Amino acid sequence: MPAQLCRPNLGSQSLPPTAMPLQQALHQLEIVTTGEGFTDLTPKLNNWVAASGIMRGVLHLTALHTSCSLTINENADPRVLTDLSAYLKALVPEEGFRPINGLGERRSYLHDDEGPDDMPAHIRTALTCSTLSLSIDQGRLLLGIWQAIYLWEHRRHGSHRRVAIHAIGEMNSHE
């Protein structure tokens with residue numbers, strides 16, 4: 001039996017007369033990292049959402065680089081971030097890689113234009129996320145109590161990073 005799409009029965013309903021049109025805002029957040037690790041973007045993002053006036057909608061984030069990523073993760077115990085970093089470094093070692101079965105010789109990376117951490121940073125980014133989409137409710141990001149949004153720097157040395165922020169939603173009705 002073929003799968004069927006679940007569609008809501010809207011009948012002939014239309015938007016209520018009080019519905020607000022959607023608005024959008026676009027910005028680039030600049031972050032200076034000090035090397036491999038996590039930078040909590042949550043306060044800056046919540047401040048930007050509040051200043052945008054969008055009360056309910058969607059926030060889309062894009063890391064504009066190929067050697068860092070975005071993640072939503074634990075904000076209470078820093079050991080979580082330490083373990084995440086150690087695991088990804090073990091999964092993508094800087095020295096090169098062996099076949100998945102562990103047999104055979106280690107192969108060095110071909111791409112090392114910016115140093116030995118260059119190609120591993122690109123692989124780590126490919127295995128994680130370059131974009132995130134989050135809900136906005138009551139002018140704030142809708143996150144769990146122990147969640148934060150991080151820029152995850154995969155390079156050993158600090159960098160200037162940019163994250164595109166695009167919000168679409170309903171504005172504050174008092175404006």
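## Ground rules

Residues are numbered from 1 along each chain as its sequence is written, and side-chain values use heavy atoms, with hydrogens and water left out. Because the model is predicted, local features need pLDDT of at least 70 and side-chain atom pairs count only at pLDDT 80 or more, while totals for chains, interfaces and linings use all residues.

## The nonpolar core

Let's start inside. The largest nonpolar core has 22 residues; such a core is a set of buried Ala, Val, Leu, Ile, Met, Phe, Trp, Tyr and Cys residues joined through side-chain atoms within 4.5 Å. Buried means under 20% relative accessible area and exposed over 50%, with partly exposed in between (1.4 Å probe, protein chains only). Leu 41, Leu 45, Leu 59, Leu 61, Leu 70 and Leu 141 have the most contacts inside this core. At least two core residues come from each of E1 (22–32), H1 (42–52), E3 (54–63), E4 (68–74), E5 (131–137), E7 (147–153) and E8 (160–171). Strand E3 gives the largest share, four residues. Helices (H or I, at least four residues) and strands (E, at least two) are DSSP runs, numbered from the N terminus.

Leaving aside residues up to four places away in sequence, Leu 61 touches residues including Leu 45, Leu 70, Ile 149 and Val 163, where contact means heavy atoms within 4.5 Å.

In H1, the buried residues are Thr 42, Leu 45, Asn 46, Trp 48, Val 49 and Ser 52. They lie on the same side of H1 because they cover an arc of only 160 degrees around the axis, taken from the directions from the helix axis to the C-beta atoms. Asn 47, Ala 50 and Ala 51 are exposed on the other side of H1. After H1 comes Gly 53, with a positive phi near 85 degrees.

Helix H3 (residues 118–127) buries Asp 118, Pro 120, Ala 121, Arg 124 and Thr 125. Their arc is only 165 degrees around the axis, which puts them on the same side of H3. These buried residues pack against E4 and H2, while Ala 126 and Leu 127 are exposed on the other side of H3.

The largest cavity has a volume of about 30 Å³. A cavity is a set of points on a 1 Å grid over the protein atoms alone where a 1.4 Å probe fits but cannot get out, and lining residues have an atom within 4 Å of a point. Grid points are joined across faces, edges and corners, and the volume is the space filled by probe spheres set on the points.

Glu 36, Ser 85, Leu 88, Lys 89, Arg 124, Trp 152 and His 154 line this cavity. Helix H2 (residues 78–91) supplies the largest share of the lining, three residues.

Definitions and conventions: 1 Å grid on protein atoms, 1.4 Å probe; cavity = no way out; pocket = protein on both sides within 12 Å on 5 of 7 lines; lining within 4 Å.
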